[in-house]
Amino acid sequence: MYKTTDVEAIGVVFDISLRHGSNNKKNLDNVKQGLIEFIRRNLEEDDIMYLYHPDIIETDDRVGAHVGAISNYKTDGWIFDVSMALQQTLYVIAAEPCETKTVVLITDRLSDIKPLKRVSSFNTKDDLGCRIVCVDIGYHLPDADHADI
């Protein structure tokens with residue numbers, strides 16, 4: 001069995017439209033590039049990542065698999081239930097035997113903090129110990145006590 005005190009778990013939910021950024025690239029392409037660079041610089045080979053998918057609940061512990069999952073992520077801009085995506089991601093990450101657990105929402109269209117409040121209440125109620133982070137592209141959300149924005 002491996003030592004879990006040094007292992008980190010991160011769950012990521014993309015809620016990104018087909019909008020383009022100031023560099024004329026799609027926001028999704030910019031986010032994917034930045035997240036891949038972050039993972040390559042900061043995650044170790046045994047760190048755990050989960051990229052939200054409605055039909056998948058498995059995590060992976062290899063940097064190459066993390067990069068592959070992000071690189072292969074595609075969307076047609078469809079809107080889905082962000083609350084359910086965050087809840088699924090929260091429980092997948094909370095089930096990992098790690099001390100450091102983070103759920104990250106990256107969004108360019110969310111304007112209501114209700115999904116963040118909901119996932120925060122589950123995190124608190126069930127004492128899951130996850131940190132909730134929201135990356136708001138374009139500053140659509142007000143400040144919230146429920147997540148680091």
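The following legends describe close-up views of a predicted model.

**View 1. The largest nonpolar core.** This core holds 26 residues, and among them V13, L86, L90, V103, L105, L116 and C130 touch the most other members. Two or more residues of the core come from each of β1 (8-15), β2 (48-51), α3 (82-94), β3 (100-107), α4 (114-125) and β4 (131-136). Helix α3 gives the most, with 7 residues. In soluble globular proteins, nonpolar side chains tend to be buried together.

**View 2. The surroundings of V13.** Which residues does V13 touch, not counting residues up to four places away in sequence? They are Y52, F80, A85, L86, T89, V104, L105 and I106.

**View 3. Aromatic pairs, with F14 and Y73 in detail.** The count of aromatic pairs comes to 4. The ring centres of F14 and Y73 are 4.8 Å apart and the ring planes stand at 70°, so this pair is edge-to-face; the angle meets the requirement of over 60 degrees for that class. Because F14 belongs to strand β1 and Y73 to the loop between α2 (63-72) and α3, the pair ties together parts that are 59 residues apart in sequence. Both F14 and Y73 are buried. Elsewhere, ring pairs link Y52, W78 and F80 into a cluster.

**View 4. T75 in the loop between α2 and α3.** The loop between α2 and α3 is the place of T75. Is T75 buried or exposed? With a relative accessibility of 18%, T75 counts as buried, since the cut-off for a buried residue is under 20%. The side chain of T75 is joined to that of W78 by a polar contact of 3.4 Å. When neighbours within four places in sequence are left aside, the contacts of T75 are I16, L18 and L28.

**View 5. K32 in helix α1.** K32 is found in helix α1, which spans residues 27-42. The relative accessible area of K32 is 12%, and K32 is therefore buried. Where does the side chain of K32 reach at 2.8 Å? The side chain reaches the backbone oxygen of Y73. Apart from neighbours within four places in sequence, K32 is in contact with F14, I70, S71 and Y73. The C-alpha atoms of K32 and V67 are separated by 9.0 Å, and these two residues are 35 residues apart along the chain.

Conventions: Residues numbered from 1 in each chain as written. Predicted model: local features only at pLDDT ≥ 70, side-chain atom pairs only at ≥ 80, totals over all residues. Heavy atoms only, no water. Core = buried A, V, L, I, M, F, W, Y, C linked by side-chain atoms within 4.5 Å. Buried < 20%, exposed > 50% of the residue type's maximum accessible area, 1.4 Å probe, protein only. Helix = DSSP H or I, 4+ residues; strand = E, 2+ residues; numbered from the N terminus. Contact = heavy atoms within 4.5 Å. Phe/Tyr/Trp six-rings, centres within 6.5 Å; stacked < 30°, edge-to-face > 60°. Polar contact = N/O pair within 3.5 Å; in protein donor to acceptor, adjacent residues only side chain to side chain.
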